[in-house]
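Please read the report below alongside the sequence and the three-dimensional view. It begins with the chain as a whole and then turns to particular helices.

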Amino acid sequence: MSEVQDIIELAKRRGFFWPSYSIYGGVSGFYTYGPLGSLLKRNVIRSWADAYLSIGAIMVESPVVSPESVFRASGHLERFNDLIYECSRCGNRQKFESLLKEEEKGREFDQESAQGYVRERKLQCSSCRSDRITVKEYSLMFPLGKNDKAEERLYLRPETAQGIFLDFQLLLNQNRGKLPMIVIQTGGGFRNEVAPRNALVRLREFSMGEVEVFIDPETEPFRPDASYGEVHFLDNKGKVEMLSPFDASGKGVVRDPAMAYFIQRTHMLLVSLGVDPERLRFRQHLKSELAHYSSDCWDAEALMDGDWLEIVGIADRGTYDLKRHGDVSGTSMEVRDGERKFIPRVIEPAHGIDRIVMAIMAHSRKVTGRGYVVMSFRNGVAPYHVGIFPLFKKDGLAEIARELYRNYSSIDAACIYDESGSIGKRYARQDEAGTPYCITVDYETRNDKAVTVRERDTGKQVRISIEELTSVPILQNAKLAEKFSQ
RNA sequence: GCAGGUGUAGUGUAGUCUGGUCUAGCACGGAAGCCUUCCAAGCUUUCGACCCGGGUCCAAAUCCCGGCACCUGCACCA
């Protein structure tokens, strides 16, 4: 089985995620996060948010449903409402535009007029020469309901970023007028993908963590740290280099120092979440694959099954979005600095949360010598921090363990109690859940008020008093850490 | 969306070609219990499936048609 197939199998079996709506036959592109997955995902989002809040970012939460005007201004509608034609003889599907003669391109069509045009000119399918051609609208945008009046049409947002641009002036005011300003937003995004695939890799409803960094173009407030280590770069000329972001910026591999800085931050975040640095690279987009709004883009890509998967896109959106919304809405997006007026430029690190979850799972999965699976999640993302068990249910051990669970859970909710099956089976269950520690109450506990703590990755066990254990969350327990390091 | 393949308990599978003792088998898993003084041990009991809808036939998990989902490739991918 492939890496992704292994993860999907584990995910269904252990409750990380599974396809949605299965009792009604399923709908492609939608997944439900189960008990473990929803905790894992929550931790990823929290780590992401904390990483940016800690450098002064502010957070915002805008609606998922947006009016058409937003996407007309942003360019999404134009870019993603393609007219296509479908040939009912050979099944070929192509852009309607490809049927037009050079001089006709640029002429405006809607579905009806395009269909009329096809009939009138007896246009033929370019692959089989049949004239059984139907013009259809194809859009990656999710429209809500139907409404003839453009100004009343609503869509699900394809990215959270627009919600930040729209309220730029309000946010800047909250930031007390200061640039640079970093605004973050997490939430759902919706794209009506043609072919959703590979579980969380390509979803039609997905979670994003977007960061919009607004910069005065005459300043350089962000520069990578000279001390940060090497990162795998692949530029748009196909050149692969191991460089620190600082050197990448210095040598001009990454032109913009702010871009290099956010590559560094992204690298730091992803590695701290559990993406394997050996299987992580930053790839510059080719000119031809740049989005309509961006002039440069570096993707963080994780290696899975021999393929590099985009998990974060760091785009230089320039002044495109603010300019567009300024022009179309008539609201000024300018910033004043004394006499000077300008529109800030924007660097956008956009994180695909679900894909990051997949990458973390794939890179954390270890198979032991005996063939058992251990998910070596970093402490910060593990769904549960600790499992609490009695060695046996009888002789009062379960009672002690349950009491320990009650007490411990009041200082750290990320714990789980289990008394079923053998002790080995319970350890194995928590290994698959990626729980870093397990606590076992045994016969000695009745006398010494101490328990055994077992470490997931090493299997190492140490003994510690219940009192010490319940006084501080296990991940912050210095005494315990000391015992394990001995 | 196209082409090809696949769809059996929570998971992995046997059975499908060649329709009938399939009252759908096995393993893992879940639950209850016994046993067990720390890494998926063993024993007992138990839970649980033929993707959905039509059709053919005396009879369909098995053959046919349609739908849905998944996989691979192509196309698409802000």
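## Overall fold and helix packing

Among the contacts in chain A with a separation of 6 or more, 64% are between residues 24 or more positions apart, a contact being two residues whose C-beta atoms, placed from the backbone, lie within 7 Å. This is a predicted model, in which local features need pLDDT of at least 70 and side-chain atom pairs count only at pLDDT 80 or more, whereas totals for chains, interfaces and linings use all residues. Residues are numbered from 1 along each chain as its sequence is written, and chains are lettered from A and ligands numbered from 1 in the order in which they are written.

The table gathers the totals for the chain, where helices (H or I, at least four residues) and strands (E, at least two) are DSSP runs, numbered from the N terminus. A residue counts as buried if 20 or more other C-beta atoms lie within 10 Å of its own, as exposed if 12 or fewer do, and as partly exposed in between, with C-beta atoms placed from the backbone.

| Property of chain A | Value |
|---|---|
| Secondary structure | 16 helices and 26 strands |
| Span of the C-alpha trace along its principal axes | about 90 × 65 × 45 Å |
| Buried residues | 37% of 486 residues |

In helix α13 (residues 423-433), the buried residues are Arg-426, Gln-430, Asp-431 and Ala-433. They lie on the same side of α13, because they cover an arc of only 165° around the axis, the arc being that of the directions from the helix axis to the C-beta atoms. Gly-424 and Lys-425, on the other side of α13, are exposed. The buried residues of α13 pack against α1 (3-14), α2 (35-53), β21 (373-375), β22 (386-390) and β24 (437-441). After α13 comes Gly-434, which has a positive phi, near 80°.

Asp-337 is found in strand β17 (residues 335-337). Asp-337 is exposed, because 12 other C-beta atoms lie within 10 Å.
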